[in-house]
Amino acid sequence: MYFQSFMQAFHMNGHGVYVWGCYGLFLLMIAWNFWRIRKQRQLQLRRLLQVRSRQENG
Amino acid sequence: MAHFKLPRWFHQLGSPKWFYQFAGLLQPWLALISLVLLFWGIMWGLLYAPADYQQGNSFRIIYVHVPTAILSQSIFMMLAVAGAIGLIWKIKMAFIVARACVPIGASMTVIALLTGAIWGKPTWGTFWQWDARLTSTLVLLFLYLGILALYQAISDRQIAARATAILSLVGLVNLPVIKYSVDWWHTIHQPATFTLTQKPNMPAEMYLPLIVMVSGIYALFVLLLLLRTRNEILAQEGRSGWLTKLLQEGHA
Amino acid sequence: MNIDAPLNFAPYAKQSSAALLQVNRLACERDDRMLYQNLSMLVHCGEIWHIKGANGVGKTSLLRQLSGLLPLVHGQVEWNRQLECPFIYLGHKLGLKDHLSAEENLAWLEALSGVSNRIKRLAALDKVGMRGYEDSLVGHLSAGQKRRVALARLHLTQASVWLLDEPLTAIDQSGILVQQSNLRQHTQQGGAVLLTSHQDLDMANVRILNLSALIKSDQC
Amino acid sequence: MLKYYLCLVWRDLLLVMRQPAAVFNPLVFFVLVVSLFPLGVTPQASQLSQLAAGVIWVAALLSTLLSLDLIFRSDYDDGSLEQLLLGSQPSWLLALAKVTAHWLVSGLPLVILAPIVSSMLFMPYHALPGMLLALLLGTPTLSLFGAVGAALMTGVKDGGILLSLLVLPWYIPVLIFGASAVQAASSGMPMNAQLALLGALLIFALMVTPAATVAALRVGQMQG
């Protein structure tokens, strides 16, 4: 590993905030994408179930 | 419009039913591949790769900034080409894929911009520097937001798909012109200072994690694209028979 | 007497020479609702088709599909190739500029098909009973008069098939008689007319195409 | 063909003469925006003359944006757009005629107003011919790309400022080369590079936009 200890890895002589911040934002964006997809999927499935039940007794 | 014969698999790709199931099979493998590649790339880039002699550790942001910047441009190209295919050969799936690309591309561009700005702080001392690459990424974000706004503005999906296809095509045609003019403008106003990324002259151990991250993020993109396309198919193909049958089996 | 034309011909393999327009298995879908399906019809010279149906059943969409404004997803629409100017389409919106006079409007509308001269335009306006209104702005005319100015255009084009969407709305009784005789005259010269209207045309051998009936026969 | 083109342009000019307000407002807006800068930034000549090129071009851009809705909105509402699309003439000619009419009504007056406005910003007089030439080359490109945006907006009921969001990114190259052309002119440097690039942009727009405009108009007609 390039860094001797985890503390140094976090500190990264001063640049740690920016580096970890960027990686954090990156993972946050991925998480947001997956969360949006799951939300939309549930919405669509619920809508389709309603449409089907409406057709059955329609 | 061009009406020459297309290969059979191209038409097969065009049927929502076939695409829905094919995507369903592919997703777990893609998830695995992208997870492994991204984890490997992040660990390598973050902890094991050497720091840059000039910039120190802030150089590690390149492993997030460059892949997202590359992806944001290739996604824009992909959705414009998908729109063109939809317009010329009238394939519904092409419009659905184009619509699924837009939010992913927009979020990639946002991350590319943010990481570029954050990277600017330790390098130039200010968050926003009118650097040629950052400015053209900003313009690309405007193009994405224009497409998203047009999707919201038109309620009818058929018209929205065609209108945004035209918009993205004109945008794609303009993209190189905009990039050239921004670079030209940058050299006029600021002599070539340190630009964000000079990829080629990096030593191997700095360059390899970048390759891993780029391939990992492309795998992730395809995964997100398949997931979003399936959602779009659910939204648009609500009425068709095969979907209701799939729902009955409870395995949608 | 109105003969109820059989709705669904078998789609024709060969294109019969006399047919001005051939429609095979046309379908139209609007926001997830199938308006009509495999509608086939054949329009010959001298025919008048009256497209009937409740509101929102797709009468206008049918005319727009025939004219090419609405792209076809299923089915084909083939105009007879020998016709140099196959059709003219008059929609709900009249296509007249309010700030131009009746004659100026006809002038630019005529320029679309290349030919244009003032005497013919005045004669056309006279034919629809709009003599004396040549230079008054269309914005100042009543709805019926505007509709007549739009209909005057029919006498200026060589189009053989007239696609008219509700041509008789807002036109008074005497005007309707004038228009019906114009339609009759056009069909006698070998043209054809497809029109949608909620009033019944008391004219001889008008073919009825009832879209609502078409849908009921499909659904059940 | 030419007769059809001239007839359409003449028809649009006639319509504008009957209703001058819709065209007059963007020009007032142009002068207004330029006169805001001395109030907002500084009245001193030294700083204003540096800003002059950019301010004039940004104001020209925004005033063209304002008048873009003029091109197709009224034709779409009263149905004449349908007749134009169904006409037997080639459809790209329709787009070109509409853009020419729009340019004559919005681009050209900008060029005529520019000298007055540039003197308000203390732009050196020797830069005037260069600026006029740059504006003459740039504003048609703005109208051409703007026509694509306006055509896309026919499919949208209440667009609002969506049109400017769609069109502004395409205006960036024209702004960059135009402003630097005027900058070079006012500092006495040769500006033929910028003018050549502006000319190239104009030809590029002439090739790309008519087809896109007509395609967008046909999509707008699918409302049915």
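**Four chains, question by question**

Q: In which loop of chain D is D:Ser187 found?
A: In this predicted model, helices (H or I, at least four residues) and strands (E, at least two) are DSSP runs, numbered from the N terminus. D:Ser187 sits between two such helices of chain D. Its place is the loop between helix H8 (162-186) and helix H9 (192-220).

Q: What pLDDT do local features need in this predicted model?
A: pLDDT is the predictor's confidence in each residue, from 0 to 100. Residues are numbered from 1 along each chain as its sequence is written, while chains are lettered from A and ligands numbered from 1 in the order in which they are written. Side-chain values use heavy atoms, with hydrogens and water left out; side-chain atom pairs count only at pLDDT 80 or more, totals for chains, interfaces and linings use all residues, and local features need pLDDT of at least 70.

Q: Which element of chain B has the highest mean pLDDT?
A: Chain B averages a pLDDT of 86, and 89% of its residues score at least 70. Among its elements, helix H1 (residues 8-13) has the lowest mean, 65. The highest mean, 94, belongs to H3(B).

Q: What average pLDDT does chain D have?
A: In chain D, 100% of the residues score at least 70. The average pLDDT of chain D is 91.

Q: Is D:Ser187 buried, partly exposed or exposed?
A: Buried means under 20% relative accessible area, exposed over 50%, partly exposed in between (1.4 Å probe, protein chains only). D:Ser187 has a relative accessible area of 46%. So D:Ser187 is partly exposed.

Q: What pattern does chain B follow along its sequence?
A: Chain B has eight helices and zero strands. Read along the sequence, the pattern is α-α-α-α-α-α-α-α.

Q: What share of the residues of chain B count as buried?
A: Accessible areas come from the Shrake-Rupley method with a 1.4 Å probe; for residues, only the protein chains shown count as cover. Chain B exposes about 10500 Å², with carbon and sulfur atoms supplying 71% of it. Of the 252 residues of chain B, the buried share is 58%.

Q: Which residues does B:Asn174 touch, leaving out residues up to four places away in sequence?
A: Contact means heavy atoms within 4.5 Å. B:Asn174 lies in helix H6 of chain B. Its relative accessible area is 1%, so B:Asn174 is buried. With those sequence neighbours left out, B:Asn174 touches D:Phe145, D:Trp170 and D:Phe204.

Q: Is D:Arg11 buried or exposed?
A: D:Arg11 lies in helix H1 (residues 2-18) of chain D. Leaving out residues up to four places away in sequence, D:Arg11 touches residues including C:Trp108 and D:Asp75. Its relative accessibility is 2%, so D:Arg11 counts as buried.

Q: Which pair of chains that touch has the most contacts?
A: Four pairs of chains touch. No contact joins chain A and chain C, whose closest C-alpha atoms lie 12 Å apart. Chain A and chain D do not touch either, and their nearest C-alpha atoms are 24 Å apart. The most contacts are between chains A and B.

Q: Which residues are closest to the centre of the largest pocket?
A: On a 1 Å grid over the protein atoms alone, a cavity is a set of points where a 1.4 Å probe fits but cannot get out, and a pocket is an open set with protein on both sides within 12 Å along at least five of seven lines; lining residues have an atom within 4 Å of a point. Grid points are joined across faces, edges and corners, and a volume is the space filled by probe spheres set on the points. The largest pocket holds about 1100 Å³ of space. Of its 36 lining residues, the closest to the centre are B:Lys92, B:Gln158, B:Arg162, C:Glu29 and C:Val73.

Q: Which strand supplies at least two residues of the lining of the largest pocket?
A: Helix H4 (92-124), helix H6 (157-189) and helix H7 (204-236) of chain B each supply at least two. Chain C also contributes at least two, through strand E1 (19-30).

Q: Where is C:Glu166 in chain C?
A: C:Glu166 has a positive phi, near 50 degrees, and is a residue other than glycine. Its relative accessible area is 9%, so C:Glu166 is buried. Its place is in the loop between strand E6 (161-165) and helix H5 (173-188).
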